[in-house]
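Biologist: I'd like to learn how to read helix packing and aromatic pairs in a model. Can you walk me through it?

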Amino acid sequence: MSTKKVNWFRVAFQLRQSVIPKIMPQVLGSGVFGIFISLLYYLRLPVSLPILSALVPSIVLGLLLVFRTNTAYERFWEGRKCWGSLVINVRNLARKIWIVIEEQGPKDREHKIAALRLIVAFTIATKLYLREEPINPELQGLMSPSEYFVLQNRRTPPLEIAFWVSDFLQKQHRRQRVNPVQVTALQHLIDNIIDAFSSCERILQTPMPLPYAIHLKQLLLISCLSLPFQLVKDLTWATGIVVALISFTLFGIEQIGIQIENPFARALHNLPLDEMCNTMLINIEDLSTLATDSSFAPTEIF
């Protein structure tokens, strides 16, 4: 965690990564409506209706908003845990492949490096899949041209890459480069990264139920539009400002939940998937420069 001091006021008035640009139309609309009601009250029309304060009880609206943001944050945190698990298992899988698979010729090291690059390709393909983006040149340097071509025609690229890595391990087992206990443990790590991918996929494909989102928006509109009628008698011309401030709070809480609901989206406030993938690529490149004597790799590592 960074220890850099953050200016409190700079953060408080920061527009970048805030929800202000998203909710400004609703806030301004509420404020303008409040001014309109003030004008009607000034013209002595019977628009003061304090009884509307019971129309949408504040405790009900508050609980709905809290549930909305809590549910969204649970999805965000679960996505982060899934990617944490993915990083751990990718590192362990790459390390064990590099250590335990014996090298009996110069081609063996090349095959191991290719397998390690495919492991990184799995994470990048997962990132692209979760963002609903097509296969792009990020993957081109991590696999052969034929594999890259095949991947472009697959509906679930990460699973195809996981199959290639599993196939590599089975070939090494048949060539007696790795014993049965070791290959079983390595395949188990592949199962773990597929589990992490599947958990992310579940988050992506299970959005917030639409009826709940619709109902919450309707209650927000009713609450904000009824505020001027409740406040105009006491606030008169200040009604628009106060209504805008209250609307800013309510719509802001809702928008926070919307923005963190999908933790994999390409946005500054979502999970830094690009940085995670780049870190794993650096880890793999560093690992592939290490010299090992695979024939003395201990089986107790499993």
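Biologist: How many aromatic pairs does the structure hold?

Modeller: Keep in mind that this is a predicted model. There are six aromatic pairs in it.

Biologist: What about Phe-67 and Tyr-212?

Modeller: That aromatic pair is edge-to-face, with 70° between the planes and 5.5 Å centre to centre. Phe-67 belongs to helix α3 and Tyr-212 to helix α8, so the pair ties together parts 145 residues apart in sequence. Tyr-212 is buried, with a relative accessible area of 19%, whereas Phe-67 is partly exposed at 46%.

Biologist: Now the helices. At what angle do the axes of α3 and α4 cross?

Modeller: For a crossing, look at the angle between the axes. Here they come within 10 Å and cross at roughly 170°, which means α3 runs roughly antiparallel to α4. Residues making the contact include Trp-83 and Leu-86 of α3, and Ile-113 and Phe-122 of α4.

Biologist: Which classes of residue make up that contact?

Modeller: Twelve nonpolar, two polar and three charged residues. Phe-122 also forms one aromatic cluster with Tyr-129 and Phe-197.

Notes: Residues are numbered from 1 along each chain as its sequence is written. This is a predicted model: local features need pLDDT of at least 70, side-chain atom pairs count only at pLDDT 80 or more; totals for chains, interfaces and linings use all residues. Side-chain values use heavy atoms; hydrogens and water are left out. Axes are lines fitted to C-alpha atoms, for helices over the stretch in contact, and angles run from 0 to 180 degrees between N-to-C directions. Helices (H or I, at least four residues) and strands (E, at least two) are DSSP runs, numbered from the N terminus. Angles under 35 degrees count as roughly parallel, over 145 as roughly antiparallel, 65 to 115 as roughly perpendicular and the rest as oblique. Contact means heavy atoms within 4.5 Å. Ala, Val, Leu, Ile, Met, Phe, Trp, Tyr, Cys and Pro count as nonpolar, Asp, Glu, Lys and Arg as charged, and the others, Gly among them, as polar. Rings of Phe, Tyr and Trp (its six-membered ring) pair if their centres lie within 6.5 Å; planes under 30 degrees apart count as stacked, over 60 as edge-to-face and the rest as tilted. Buried means under 20% relative accessible area, exposed over 50%, partly exposed in between (1.4 Å probe, protein chains only).
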